[in-house]
Amino acid sequence: MLNWRRIKLSVVVVLSLGLTIFATTPYRPLHAEEALRVGFAKVDITPSQPTPMAGYYHGRLSTETHDPLWCRAVVIDDGANKAAIITLDLISTTRWMTVESRKMIERVSGIPAANVMISATHTHTGPSLHEPNSTRYMEMIQVPSTELYMTQLPGKIADCVNAALSNLQATHPHYAIGVEEKLTFNRRFFMEDGTVGWNPGKLNAKIVREAGPTDDTLPLVAWMDEKQQPQGVMLNYCIHLDTVGGTQWSADMPHTLIESLESVFGSDKHIQYATACCGDLNHIDVRSASPQKGHGEAARIGVRLSGAALRALPNFVAAKGSKLHVTSQTVPLNVFEHSPERVAWAESIAEKSKQQPQPSFWDMVEAFRILDNQFRENKPYDVEVQVISVGRDVAWVALSGEVFVQLGMDIKAGSPFRLTAIHELANGSIGYIPTREAYGQGNYEVISARCAEGSGELLVQSAIAQLREHFSIQASKE
Ligand SMILES: [Zn+2]
């Protein structure tokens, strides 16, 4: 059993230590010409009535709230341009939600639609999403409470951005990259029989080794006021948020992560977490027999990750430059092809999935992929890759899917910025985006992926090209 009081006590000790180190950073007054203005806000987006929950291949209805689901926003204003970076405690974002929210934000706040980045943390204890006029088969399952939730969501996101816009204050970004090596694990493994296994289970003796890497870095951006105190902190990490389960609404691990950091910086400070590339990662350590499900486990992860953020505090440095730049590129991705004969099979599986006993998990995964792509007549997915930079040290990249970690690492390796934060499930989602290598190995994420082999690498190319362009533009602005 976890001794929660003891964990809390040690966190307070670590946290106080961190704050002391932070407070001794030499004071460096902001020059007027480099002072950005940044505003922060959060809005509760927990459904107000029992609503179907997301996350699994079987339906379940919410019963109560463990902790609220939040929309959080940071609005950045460099005097000439504005941008908003928004995160949602939801399973995903949809394109409809993105387009509608951007339109409302532009109308209400004047921030150009193209300068808005919206990502989801991927909590599995949030509501199911529905896309009106969907071309995705699974999103066509619709009930009135889900529809009501979705139609109200863009308004709430726009309200959040507006609230952030109304409290802009002079600030300057500082950045640091923390490390936490013990929380995230690749979930694909080379097995003794030569196959690549997916979530093969704890202490499985047939595991040879991981089939992919992990990214243990924790990019942090702190928005400092003129007294060098953080008014807001943005952070992201590569871990899959399916720790809690059950029928209570919960943000999963970020709930405790943010609560821990608020206890250090102050509950009036803004802490915003985003999920980075973790399409083939999760929190399960197969080399340990300990159970890893429930709120206690989510708290363990959140508290430990907050410790990694605090250990990085002494490393914060002021970012160079303060100009904002935003670009997006639409990358057409071919669909994962299927033979015409498979459509009738997929339809029969989808029909059977509505009754008990359900078809096998693997049949449902493949059938839903085939029907999604068939429904859109196998036309390519137009996927947005968006980049926001402030000065020439810090950039954010938005990718629309559950992206394999290696692809995120490739973007970071090719980025000229000192800190590149990647937000996945951003501005819509096309589901899993595996590496080219993984397509040859198969298993769950590949069977589920709507896009064709090589898609992920095209997104990496686009992101790196934009980051390089940003870097040279930012350098010329200094
Ligand atoms: Zn998931």
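Just after helix α4, G266 adopts a positive phi of about 115 degrees. The model is predicted, with an average pLDDT of 91 for the protein. Its secondary structure amounts to 11 helices and 22 strands.

- Helix α4 covers residues 253-265, and its 13 residues should span 18 Å at 1.5 Å a residue; the end C-alpha atoms are 19 Å apart, which agrees.
- The helix is largely enclosed by the rest of the structure, because 10 of its 13 residues are buried.
- Those buried residues are M253, P254, H255, T256, L257, I258, S260, L261, V264 and F265.
- D252 sits in the loop between β13 (248-249) and α4.
- Phi of D252 is near 70 degrees, which is a positive value in a residue other than glycine.
- D252 counts as buried, because it has 32 C-beta neighbours inside 10 Å.

- V233 belongs to strand β12 and is buried, with 26 other C-beta atoms within 10 Å.
- Beyond its neighbours within four places in sequence, V233 has contacts with L220, A222, L261, F265 and I271. Two residues from this set, L261 and F265, are also listed among the buried residues of α4.
- V233 and L220 are 13 residues apart along the chain, and their C-alpha atoms are separated by 6.9 Å.
- Q228 lies in the loop between β11 (217-224) and β12 (230-237).
- Q228 is a residue other than glycine with a positive phi, near 65 degrees.
- With 20 other C-beta atoms within 10 Å, Q228 is buried; the cut-off for that label is 20 or more.

**Backbone exceptions**

- Most residues other than glycine have a negative phi, and most peptide bonds are trans.
- P357 is located in the loop between α6 (341-352) and α7 (361-375).

**Domains**

- The domain assignment of the protein gives domain 1 as 319-337 + 378-478 and domain 2 as 338-375.
- A distance of 30 Å separates the C-alpha centres of domain 1 and domain 2.
- Eight residues of domain 1 are in contact with eight residues of domain 2. On the side of domain 1 that touches domain 2, the residues divide into four nonpolar, two polar and two charged.

**Whole chain**

- The protein has 478 residues and a radius of gyration of 22 Å; a compact globule with that number of residues would have a value near 23 Å, which agrees.
- Along its principal axes, the C-alpha trace spans about 65 × 50 × 45 Å.
- Of the 478 residues, 52% count as buried.
- Among contacts between residues at least 6 apart in sequence, 81% join residues at least 24 apart.

**Confidence**

- In the protein, 91% of the residues score a pLDDT of at least 70.
- Over residues 1-33, pLDDT stays under 50, and the model has 29 contacts beyond four places in sequence for these residues.

Notes:
Residues are numbered from 1 along each chain as its sequence is written. This is a predicted model: local features need pLDDT of at least 70, side-chain atom pairs count only at pLDDT 80 or more; totals for chains, interfaces and linings use all residues. Domain bounds come from an automatic or database domain assignment. Two residues are in contact if their C-beta atoms, placed from the backbone, lie within 7 Å. Ala, Val, Leu, Ile, Met, Phe, Trp, Tyr, Cys and Pro count as nonpolar, Asp, Glu, Lys and Arg as charged, and the others, Gly among them, as polar. Helices (H or I, at least four residues) and strands (E, at least two) are DSSP runs, numbered from the N terminus. The expected span of a helix is 1.5 Å times one less than its number of residues. A residue is buried if 20 or more other C-beta atoms lie within 10 Å of its own, exposed if 12 or fewer, and partly exposed in between; C-beta atoms are placed from the backbone. pLDDT is the predictor's confidence in each residue, from 0 to 100. The radius of gyration is taken over C-alpha atoms; the globule rule is 2.2 Å times the number of residues to the power 0.38.
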